[in-house]
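Let us walk through this structure step by step. Keep the sequence and the 3D view side by side as you read.

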Amino acid sequence: MGIARLRADIPVEWVQRLAALGAAEQADFVARMDPGDLLHWDAMFECWSANGQIAPSGAGWRVWLLMAGRGFGKTRAGAEWIHTLAGSGTRRIALVGATIDDARRVMVEGPSGLLAVARRRRVKVKWEPSLGRLTWPQGSQAQLFSGDSPDGLRGPAHDFAWCDELAKWRKPDETWMNLDFGLRGGTRARALVTTTPRPMALLDRLRADPETVETGGRTGDNASLPERFVAAMVRTYGNSRIGRQEIDGELMSEAEGSLFPRALIERARCAAAADYDRVVVAIDPPASERGDKCGIVVAGRAGKFVDVLADASLPACGPDRWARVAVAAAEQWGASHIVAEANQGGAMVKSVLATAGAEVRVRLVYASSGKVARAEPVAMAMETGRARLAGVFPELEAELAGLQIGGRYDGPSRSPDRADAMVWAVSELMDARSGVPRVRAL
């Protein structure tokens, strides 16, 4: 029997029982659907969604905090909630992302965003990208805002708001304050916050508010995710602090939120090996002589272990100086090659090192993600004992401790350049950089 006919002829409670089948039975049930039935089933979000994805019942709440692991289905839950509200009258809605680009790319145009939900429900929603505005046939309008421009929310009044990835907002307190003052439309104005947890004062205040209702879940709770992906995430990050936050959706303390907490750094200390299979020098060069310092770190591999051997980083200086220091470090430690981040200089970096007398190969690497994201696999390697510190490096360690799970840097300097150079060095020597399956374009 097709899902379209199920919806017409059978009570929703019965359909809900179908959705509650075990994984194997549900997979068999879905496998026997034709494409049209499958589309109908997908649109019946309230029938198969996880408990944490459904808005709380009752009238006693003002903020719904959906704090869960990555891939749990937070975006789909937010889009479904907003779409339902927008179709029930003429509503004024605020959509607040970390940036306007994030709001547009994830909340509106993404595969689980508002336009996708409207298509599943066969509702034609008008999307005006240049205005950052969505309009429903009933007259409801949703406007895009961002967590890095609080003043955009100063003035407008809204009936409802959906705030996505609050933990990534650059100005969370000021943005939330302006939104909160404007959340005054009607008698039941409410906000949904969908976010991966991260230690921050605003989340603590929201959780403590008596008018906040919190739901959540784990990455593995989303039955639509490929089993291989979930297994890879658990295998790579399970039983670690990263896994607790990013997979289990657990909000940890501020101290636990560091990628490299001091306790981990202390556990990672070791004596230098008598000999190393391979040694590299990694450089995170500054963009200019007046810019940030130049990170220069030496690391060596001995069997399955990768040890940090030296921190030769320099304050802001010209390329001739940091190139000479890097070349000297390579000679001192017998490095097989130099790894240099080339985003700021490209061929110039290689040329400067050659001029400084580099007799070893220079390999240029290009950063496609932020410094904190690049550090996550190295933090995992340190937690499992594969990455170690063969000595005490106070300034480097202070930067490492400032790298926060989720992307923030709270270290002693403006930029964690020492830590970034260490990440490049250790990553170069690790057998596998993350253990996470990757897709390579051919």
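Is Trp 81 buried or exposed? Trp 81 has a relative accessible area of 10%, so Trp 81 is buried. Burial here means a value under 20%. Keep in mind that this is a predicted model.

Now look at what surrounds this residue. A search of the whole structure finds three aromatic pairs. One of them joins Trp 61 and Trp 81. Their ring centres are 6.4 Å apart and their planes meet at 40°, so this pair is tilted. The tilted class lies between the other two: planes under 30 degrees apart count as stacked, and those over 60 count as edge-to-face. The two partners come from distant parts of the chain. Trp 61 sits in the loop between helix H5 (45–48) and strand S1 (63–67). Trp 81 belongs to helix H6, residues 74–86. Like Trp 81, Trp 61 is buried.

Trp 81 also pairs with Phe 160. Here the centres are 5.9 Å apart and the planes stand at 85°, so the pair is edge-to-face. Phe 160 lies in strand S6 (residues 160–164) and Trp 81 in helix H6, so this pair ties together parts that are 79 residues apart in sequence. Phe 160 has a relative accessible area of 8%, so Phe 160 is buried too.

Trp 61, Trp 64, Trp 81 and Phe 160 form one aromatic cluster.

Next, move on to a sheet. How many strands does this open sheet have, and in what order? The sheet has six, in the order S13-S12-S9-S10-S11-S14, and the pairing is mixed. Strand S13 (361–365) and strand S14 (387–389) are at the edges. Each has a single partner strand, so one side of each has no neighbour in the sheet. On average, neighbouring strands are turned by 25° against each other, direction ignored.

Strand S12 (residues 337–341) pairs with S13 in the parallel sense, over five bridges. Glu 341 stands opposite Val 365 in S13.

Helix H14 (residues 319–333) touches strands S9 (278–284), S10 (295–302), S11 (305–311) and S12. The direction of H14 makes about 170° with that of S9.

Arg 388 lies over the face of Phe 305, at 4.1 Å from the ring centre.

Note on methods. Residues numbered from 1 in each chain as written. Predicted model: local features only at pLDDT ≥ 70, side-chain atom pairs only at ≥ 80, totals over all residues. Heavy atoms only, no water. Pairing = 2+ DSSP bridges. Helix = DSSP H or I, 4+ residues; strand = E, 2+ residues; numbered from the N terminus. Axes fitted to C-alpha atoms, helices over the stretch in contact; angles between N-to-C directions. Contact = heavy atoms within 4.5 Å. Phe/Tyr/Trp six-rings, centres within 6.5 Å; stacked < 30°, edge-to-face > 60°. Buried < 20%, exposed > 50% of the residue type's maximum accessible area, 1.4 Å probe, protein only. Lys NZ or Arg CZ within 6 Å of the ring centre and 35° of its normal.
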